[in-house]
Amino acid sequence: MKDKQESLIQLKREISQTVDYWVCYRVGRTLYQVSIQEQANGQTNEGEITTERFPFYVGMKQRMRQLAEEKEALGFRPLTEAEQAVHVIEASEESSLDPAFFDPAIRLAWLFLGLGVLLFVLPYERLNNFAFGLGLYVWYETFRQAGLPKIFRRYFHGMFGALMVLQVLSAFELEREVQPYYASLSVLSAVMLVLLVVQHHLKKTDQIGQGKRVSRRKITEYPDFEE
């Protein structure tokens with residue numbers, strides 16, 4: 001519950017016959033801002049959704065607090081518990097992955113697999129450097145993807161850390177000893193890339209015909225006007 005509160009800020013301002021709502025929430029490393037205005041007659045105007053993309057999670061909470069302070073200076077106030085009980089915003093999911101990423105992802109998976117097999121059967125220490133370079137490239141490409149699922153994001157960050165450790169060990173003339181680890185990491189990375197592509201296509205099939213937007217629920221239910 002605490003994490004949910006820290007990742008969602010809802011403010012309200014009442015001016016004459018209109019009520020303005022401002023909502024700020026984060027999904028992954030993307031920060032969303034949405035403005036909603038409700039008229040006394042029940043008409044609702046939803047403003048444009050603005051996003052900010054952060055390379056790391058550091059600084060996101062501070063940015064949310066800064067935006068909230070700016071809005072409070074304009075007359076907004078936090079929602080009461082009763083008002084929070086009625087959802088103003090249902091947060092959208094993380095942005096989807098770039099479809100252009102998946103064709104090279106398959107080729108990279110084949111490269112990883114082939115390199116892993118070579119590392120297992122050939123005692124050629126320079127292959128370690130190829131595995132290290134390919135791993136860094138894949139980590140960079142996946143790091144740029146806004147909608148990378150959490151499990152894959154954690155894996156590729158872990159792969160990056162493991163590559164750094166292996167490279168340090170190689171600097172101490174332990175290339176032969178770390179080669180099996182490079183091989184295992186290459187094969188496992190190939191499997192993860194394939195699983196990522198498969199998951200994307202399955203998810204894409206489920207989302208056919210569905211629009212991607214932030215959904216809103218009305219704050220107040222207005223009774224029908226009697227004729």
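Predicted model: local features only at pLDDT ≥ 70, side-chain atom pairs only at ≥ 80, totals over all residues.
Running from residue 102 to residue 121, helix 4 has 20 residues and spans 29 Å between its first and last C-alpha atoms, close to the 28 Å expected at 1.5 Å a residue. Its buried residues are Phe102, Ala105, Leu108, Ala109, Phe112, Leu115, Gly116 and Leu119. Viewed down the axis of helix 4, these buried residues fall within an arc of 140°, so they line one face of the helix. The face turned away from this buried side carries Asp103, Arg107, Trp110 and Val121, which are exposed. The spacing of such residues follows a general rule: an α-helix has 3.6 residues a turn, so residues three or four places apart point the same way.

Helix 6 can be described in a similar manner. Its 22 residues, 150-171, reach 32 Å from the first C-alpha to the last, close to the 32 Å expected at 1.5 Å a residue. Buried in helix 6 are Phe152, Arg153, Tyr155, Phe156, Met159, Leu163, Leu166 and Ser170. These residues are on the same side of helix 6 because they cover an arc of only 160° around the axis. Arg154 and Ala171, on the other side of helix 6, are exposed. After the helix comes glutamate 173, which has a positive phi, near 60°.

Rolling a probe the size of a water molecule over the atoms shows where empty space is left. The structure holds 2 cavities of 30 Å³ or more. The largest cavity, with a volume of about 40 Å³, is lined by Phe112, Ala131, Gly135, Met159, Leu163, Tyr182, Leu185, Ser186 and Ser189. Helix 5 (126-143), helix 6 and helix 7 (175-206) are the elements that each give two or more residues to this lining. Helix 7 supplies the largest share, 4 residues.

The lining of the second largest cavity comprises 4 nonpolar, 2 polar and 2 charged residues.

The aromatic rings complete the picture. A search of the whole structure finds 5 aromatic pairs. One of them joins tryptophan 139 and phenylalanine 143 in a stacked arrangement, 5.3 Å centre to centre with 25° between the planes. Both residues lie in helix 5, 4 residues apart, about one turn of the helix, and both tryptophan 139 and phenylalanine 143 are buried. Another pair, tyrosine 155 with phenylalanine 156, is edge-to-face, with 5.2 Å between the centres and 75° between the planes. Tyrosine 155 and phenylalanine 156 are likewise buried. Ring pairs also link Trp139, Phe143 and Phe160 into a cluster.

Note on methods: Residues numbered from 1 in each chain as written. Heavy atoms only, no water. Expected span 1.5 Å × (residues − 1). Buried < 20%, exposed > 50% of the residue type's maximum accessible area, 1.4 Å probe, protein only. Arc of directions from axis to C-beta. 1 Å grid on protein atoms, 1.4 Å probe; cavity = no way out; pocket = protein on both sides within 12 Å on 5 of 7 lines; lining within 4 Å. Points joined across faces, edges and corners; volume = space filled by probe spheres on them. Nonpolar A, V, L, I, M, F, W, Y, C, P; charged D, E, K, R; others polar. Phe/Tyr/Trp six-rings, centres within 6.5 Å; stacked < 30°, edge-to-face > 60°.
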